[in-house]
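Here is a short tour to read alongside the coordinates. Please keep the viewer open as you go.

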Amino acid sequence: MRVIELKETVTASNDRDAEALRQELILRGILLVNLMSGPGSGKTTLLSRTIRDLPDLRIAVLEADLDATVDAETIEALGARSIQAHTDGMCHMDAGMTRAGLEALGTEQTDVVFLENVGNLICPAEYDTGAQRRVMILSVPEGDDKPLKYPLMFRESDALIISKTDALPYFDFDLEKCEARVKKLNPMIQVFPLSAKTGEGMAAWEAWLRHSLPKKPAK
Amino acid sequence: MHEMGIVLHLAKTLDETAKEEHLSKIGSVTLQVGEVSGILTDYFVECWDYFKPRHPILKDSTLILETIPAVTWCDNCKRTYETVKYGRECPYCHSGETWLLKGNECIIKQIEAEEEEPDEASETDEPSSSKTE
Ligand SMILES: Nc1nc2c(ncn2[C@@H]2O[C@H](COP(=O)(O)OP(=O)(O)OP(=O)(O)O)[C@@H](O)[C@H]2O)c(=O)[nH]1
Ligand SMILES: [Mg+2]
Ligand SMILES: [Zn+2]
């Protein structure tokens, strides 16, 4: 017997699949965004508003949440396509499941795909789905100490949306303190405080999204 | 189903390693599991035993688990302490501005394995071959 030192994470195989999927999508000019948050943080409301505000982009949604039928109807009423992804009862989406979901969805006529990941703050952060952007949503009612409780999620995200800012007057949520905590964990992270209800702050998020689009391949 | 997912990915990673390194059999797998990784080791071993027979290369392997102690950093007094013992609040200054330094990882440290015979490397995983008779 030979001893082989690996020092790899257990998910190394998934990481390779994810990287391959990411490169493929970039070449095809499709932006895949992995949306992660706890339940009820305002994902569906945010996506609805984003779809309405950006009519020139062809947006589709891959739902990994278990009770997503209501969400799918809301999204489709706005003219965007959506499909339920199969997580095989797992607590997260991985690259293989994401690829299967995208194939079922069909991505020929698509500019942006949002992956609405399973609603918890631990497992989804550990698995690369192949998305080019990882976006976390933290809603004001959840509290500004979330970064202390779930550091990995904040470290692994490219952007943090602090949602429901119209509710700030009613909650003990310190926006500056929260931002400072998050930046300490992840100095590169973009923070977008916004309210999908009033529209405040939506423009900055939408500009960042547009900026994240890969260049369309020249035909 | 956290453990099941991890075992699934672990098995897949090992299958790929075996192919790359031309291994015929894996004897042991040493995993380093962080104290606060959220992985329940008993349950993890159960999942492993369930998956083993499904991956020929792992059939006779043993799983060795090593624990990585969890350490927290206090940003207020710039000291470190044992996470499991004291939790989120710093035992020195009682600040809550603390971060986990290590202890939530899950790493494949090493494996013990047998290599394929070089001259018959191309047919070692041919299930229909009867050369063992
Ligand atoms: N005040 C306020 N409420 C909001 C805002 N966005 C969403 N909500 C409310 O928050 C609740 C949850 O919103 P959803 O958009 O369904 O959240 P979700 O993350 O999709 O929820 P799940 O899919 O159930 O996890 C609803 O009652 C929304 O009306 C906002 O910007 N401001
Ligand atoms: Mg929803
Ligand atoms: Zn301290």
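Is Ala100(A) buried, partly exposed or exposed? With a relative accessibility of 45%, Ala100(A) is partly exposed (buried is under 20% relative accessible area, exposed is over 50%, and partly exposed lies in between, with a 1.4 Å probe and protein chains only). Ala100(A) belongs to helix α4 of chain A, residues 95-105 (helices are DSSP runs of H or I with at least four residues, strands are E runs of at least two, both numbered from the N terminus). From Ala100(A) to Pro193(A) the separation is 93 residues in sequence and 33 Å in space, C-alpha to C-alpha.

A word on conventions: this is a predicted model, in which local features need pLDDT of at least 70 and side-chain atom pairs count only at pLDDT 80 or more, while totals for chains, interfaces and linings use all residues. Residues are numbered from 1 along each chain as its sequence is written, chains are lettered from A and ligands numbered from 1 in the order in which they are written, and side-chain values use heavy atoms, with hydrogens and water left out.

**The zinc site**

In chain B, the zinc ion (ligand 3) is held at 2.3 Å by the SG atoms of Cys74(B), Cys77(B), Cys90(B) and Cys93(B) (donors are N, O and S atoms within 2.8 Å of the metal, or 3.2 Å for Na, K and Ca). The angles among these four donor atoms run from 106 to 118°, and the site is tetrahedral (four donors with all angles between 85 and 135 degrees). Along the sequence, the donor spacing reads C-x2-C-x12-C-x2-C. Cys74(B) and Cys93(B) link distant parts of the chain, 19 residues apart.

**The interface**

Contacts between the chains involve 33 residues of chain A and 35 residues of chain B (heavy atoms within 4.5 Å). Together the two chains bury about 3000 Å², 56% of it on carbon and sulfur atoms (accessible area lost on being put together, 1.4 Å probe, summed over both). On the chain A side, Met1(A), Arg2(A) and Val10(A) lose the most area to chain B, together 24% of what that side buries.

Note on methods:
Tetrahedral: all angles 85-135°; square planar, octahedral: opposite > 155°, others 65-115°.
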